[in-house]
Amino acid sequence: MSNAFSSNSEYERWEKRFSVTDYVFGTEPNAFLRGQAALLPSSGTALAVADGEGRNGVWLAERGLDVLSFDWSPTALGKARALATQRGVALRTAQVDVVQWEWPEAAFDVVVAIFIQFLTPAERRQVFAGMRKALKPGGLLLIEGYRPEQLNYKTGGPSQVENLYTRALLEAEFGALSELRIIEHDSMTRGGCGHVGMAALIDLVGRK
């Protein structure tokens, strides 16, 4: 665990955001992630990157996976553990600065990163490299993010266009994966009060 958080103000912003009683992004899994259920192994290890309040990590645990859910907000992690208890599943959590974390080598059968678009381009390259490193050979990578067109919808996500994903960006980062599938679409999102409304999305599915 690293306490060398990239930005104290950013840390405080997320802590404040997650300090409300309700689950900001809801307790149901991301729709894209849920749609990939048939691809998930019936056992093994999964990493939920910057998992916030745990809606996706808990769902992966419900599928029978041994899940590490990490985030840099201790408040969010507390809510993730509470959700896991409520659902009757085990969830490992870690308070981690995603940029500072020492990514383990070939440690996970599944790596999931849903809307982690708070990273600068330089940080993103570092984190994407870590995600590739952490996947076992044959491991499944699942990513969903917003495209630049999301700036027109204003229904969630960052306001900095450089933080958003394009097909070319994802192909450059993950083109070496096998069974790579990238889909761009505009769809309704309903993730608590944090992501609601029509959104410009891009989904990536691939194997190492």
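The side chains of T93 and R81 make a polar contact at 2.8 Å, a term for a pair of N or O atoms within 3.5 Å in which, within protein, one must be able to donate a hydrogen and the other to accept it, residues adjacent in sequence counting only if both atoms are side-chain atoms. The model is predicted, with local features needing pLDDT of at least 70 and side-chain atom pairs pLDDT 80 or more, while totals for chains, interfaces and linings use all residues. Residues are numbered from 1 along each chain as its sequence is written, and side-chain values use heavy atoms, without hydrogens and water.

T93 sits in strand β3 (residues 92-95); strands (E, at least two residues) and helices (H or I, at least four) are DSSP runs numbered from the N terminus. With a relative accessible area of 24%, T93 is partly exposed, between buried (under 20%) and exposed (over 50%; 1.4 Å probe, protein chains only). Beyond neighbours within four places in sequence, T93 is in contact (heavy atoms within 4.5 Å) with L68, S69, L77 and R81.

In helix α7 (residues 167-174), L169, L170, E173 and F174 are buried. Viewed down the axis, these buried residues fall within an arc of 100°, so they line one face of α7; the arc is taken over directions from the helix axis to the C-beta atoms. A168 and A172, on the other side of α7, are exposed.
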